[in-house]
Amino acid sequence: MQKYEVVKDYVYSQFAKISYEPLKTAAYTHTAMVDASITLLAISRNVRVERAKICALLHDYAQFVDNCPHDQHAKLSSLYACNFLKSTELFKVNEIDDICYAIQMHSHKEQFDSPLCEVLKDADVLARFLENPEKKLSEIETKRLLKATSDIQK
Ligand SMILES: [Fe+2]
């Protein structure tokens, strides 16, 4: 989990600089919730756990650090992730590609994707549910939530 720790230190140090307190709180809360959720899902689906947890740390990075428009956050977060992961010199090219692809596509909840991207999408939905169980879910979110909770129980 050495690579995860490096990424976590970086991401949380950047979140600490967010000046708008509600955004900072959302960054910590949502990122930690997705990180916890993806751990359970990755184990249940035999997806690489450390790689999945790194996706969780970086998946909404631009939304929180740049406060960018929601429709651009996945692509921008993927670009940030790619640049940062390269700069650490800890990752192979295929690892960076796998992580950045998952982050880039994670908003497309209606589409079936790579195993890593699927755990990220489902962990995102599960985390949002855990943060506010009263929020109304779309049909695809409901499907993903049911699939995620059933996979975790297996
Ligand atoms: Fe997102």
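Which residues in the largest nonpolar core touch the most other members? I kept in mind that this is a predicted model. The core holds 35 residues, and the ones touching the most other members are Ile38, Cys55, Leu58, Val119, Leu120 and Ala123. I then checked where the core comes from: helices H1 (2-15), H2 (21-44), H3 (49-58), H4 (61-65), H5 (73-88), H6 (93-105) and H7 (115-131) each supply at least two residues. H7 gives the most, with nine residues.

Next entry: Leu120. Leaving out residues up to four places away in sequence, I found Leu120 touching Ile38, Cys55, Ala56, His59, Ala102 and His106.

Then I turned to a helix pair. The axes of H3 and H6 come within 10 Å and cross at roughly 45°, so H3 is oblique to H6. On the H3 side I listed Arg51, Ile54, Cys55 and Leu58, and on the H6 side Glu95, Asp98, Ile99, Ala102 and Ile103. I sorted the residues of this contact into six nonpolar, no polar and three charged. I also noted that H3 passes H6 in a right-handed crossing.

Last entry: His30, in helix H2. Is histidine 30 buried or exposed? I count it as buried, because it has 20 C-beta neighbours inside 10 Å. Apart from neighbours within four places in sequence, His30 is in contact with Asp60, Ala127 and Glu131. I also looked up its separation from Leu130: 100 residues in sequence, but 9.6 Å in space, C-alpha to C-alpha.

Note on methods
Residues numbered from 1 in each chain as written. Predicted model: local features only at pLDDT ≥ 70, side-chain atom pairs only at ≥ 80, totals over all residues. Core = buried A, V, L, I, M, F, W, Y, C linked by C-beta atoms within 7 Å. Buried ≥ 20, exposed ≤ 12 C-beta atoms within 10 Å, placed from the backbone. Helix = DSSP H or I, 4+ residues; strand = E, 2+ residues; numbered from the N terminus. Contact = placed C-beta atoms within 7 Å. Axes fitted to C-alpha atoms, helices over the stretch in contact; angles between N-to-C directions. Parallel < 35°, antiparallel > 145°, perpendicular 65-115°, else oblique. Left-handed = near helix turned anticlockwise from the far one by under 90°. Nonpolar A, V, L, I, M, F, W, Y, C, P; charged D, E, K, R; others polar.
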